[in-house]
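Thanks for coming. I will go through one model today, beginning with a term and then moving to the sheet. Please have the sequence and the structure open.

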Amino acid sequence: MTKKSKSSALQNKEGVSQSEITNASSITKIQQKRKAKPTTQELISDIIKGNITALSRAITLVESSNPKHLEQANDIIKGCLQYANASVRIGITGVPGVGKSTFIEAFGIHLTTIGKKVAVLAIDPSSSLSKGSILGDKTRMEDLVKNENAFIRPSPSGSSLGGVARKTRETIILCEAAGFDTIMIETVGVGQSETAVHSMVDFFLLLKLAGAGDELQGIKRGIIEMADAIAINKADGDNLKAAKLAKVEFNRALHLYPQKDSEWQPKVMLCSALKQEGIEDLWKDIQSYIEHSKENNYFEHNRKEQNKFWLLQTIEDRLKSDFFNQPTIKDALKLQLQLIEDDKTTPFVAAE
Ligand SMILES: Nc1nc2c(ncn2[C@@H]2O[C@H](COP(=O)(O)OP(=O)(O)OP(=O)(O)O)[C@@H](O)[C@H]2O)c(=O)[nH]1
Ligand SMILES: [Mg+2]
């Protein structure tokens, strides 16, 4: 008999074995823990009070793939909805290395010093592959991470951009209900993620570098059309002259684009995220935009259009996944794929 089993076989005065006592105490512990798990209602009221632990818990539920969690997440979002909305949502895009994270750090700190509460979220098209996240480099946001008026949440992972985007959209609502009045969403300007971010923000900021051609920067014409402002970053040191030149060129180019639905004329600005220059001017520009778009009702209109878009998008995603998850469809698809492999059918006949 080992020392351990000998001790658990020991009996106390009442004749209760040690192992029974241990079991009883672990059961109590588990029961207490279960009790400690907040209910949906508790989570909602804690989020509204600005409790970060509750907010993080709710976001974890939103990001879960467990249907039970999703059901709870939906109830929480419903409960939070009426407390959300009074915010400014800013999308920030640009090629890798342009300085998005550094910019968000500088911008976020500026905003917190003027009394704002800032939430930073991300959509990372690569995270579904690498399981990593765009904000994994929280080191670039060293000070912001520690700031009690800032909340930074890494990009959710997922198998489809649609799924990741849905999670981020719902996270925006939770953050707003928790009192964050400025939401920043970072994404790399490659692939489709910038379109997804554009369809969930009020203001879309494109960061660029001077001296590199558009092809080099991987920036498509479409992104420039989406931008409400272009900031040429790293306008410091030896780079300043080139940045000033780029500003003139971009300003000229912007005038060739058709007028935006918001009737807003995007500006080209210079900034240095590293030296924290141009940050204040950008914030002023964003504020003018908000004022302008609220005056002509575009702000409200845009948010409603975005909600309609996401309704349709969500239905489409659900239909697709429900369809492909049906056992009969799964079997039929497997069979038809094999027939195609063997040259025994055509894609159109197989699809029928
Ligand atoms: N000189 C100068 N360097 C900068 C500036 N902003 C960022 N950098 C540097 O550029 C590099 C990339 O900055 P990040 O903030 O990580 O860029 P990012 O766009 O977030 O990059 P990804 O997350 O990889 O897409 C870092 O070495 C920064 O220190 C700036 O305004 N001036
Ligand atoms: Mg980054």
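Two strands count as paired here if DSSP finds at least two bridges between them. Helices (H or I, at least four residues) and strands (E, at least two) are DSSP runs, numbered from the N terminus. What you see is a predicted model: local features need pLDDT of at least 70, side-chain atom pairs count only at pLDDT 80 or more, and totals for chains, interfaces and linings use all residues. Residues are numbered from 1 along each chain as its sequence is written, and chains are lettered from A and ligands numbered from 1 in the order in which they are written.

Overall, the protein has 16 helices and seven strands. The strands form an open sheet with parallel pairing, in the order S3-S2-S4-S1-S5-S6-S7. At the edges are S3 (150–152) and S7 (267–270), each of which pairs on one side only. On average, neighbouring strands of this sheet are turned by 25° against each other, direction ignored. For angles, axes are lines fitted to C-alpha atoms, for helices over the stretch in contact, and the values run from 0 to 180 degrees between N-to-C directions.

Helix H9, residues 161–177, packs on the sheet and touches S1, S2 (118–123), S3 and S4 (182–188). The direction of H9 makes about 175° with that of S2. Contact means that the C-beta atoms of two residues, placed from the backbone, lie within 7 Å.

Now strand S5. S1 (residues 88–94) pairs with S5 (residues 203–209) in the parallel sense, over four bridges. Within that pair, Ile90 stands opposite Phe203, and Thr93 stands opposite Leu206. S5 is also joined to S6 (residues 229–233) by five bridges, again parallel, with Leu207 opposite Ala231.

Is S5 buried or exposed? Seven of its seven residues are buried, that is, each has 20 or more other C-beta atoms within 10 Å of its own; 12 or fewer counts as exposed, in between as partly exposed, and C-beta atoms are placed from the backbone. In a regular strand the side chains alternate between the two faces of the sheet. For S5, Phe203, Leu205, Leu207 and Leu209 lie on one side and Phe204, Leu206 and Lys208 on the other, and both faces are covered. Across the protein, 34% of the 352 residues count as buried.

For contrast, take Lys78, in helix H5 (residues 67–81). Lys78 is exposed because it has 12 other C-beta atoms within 10 Å. Lys78 and Ile173 are 95 residues apart in sequence, and their C-alpha atoms are 9.6 Å apart in space.

Next, the ligand. Ligand 1 is surrounded by 17 residues, the closest being Gly99, Lys100, Ser101, Thr102 and Leu274; a residue is near if its C-beta atom, placed from the backbone, lies within 6 Å. Helix H6 (residues 100–113) gives the largest share of this shell, three residues.

Finally, confidence. pLDDT is the predictor's confidence in each residue, from 0 to 100. The protein averages 85, and 83% of the residues score at least 70.
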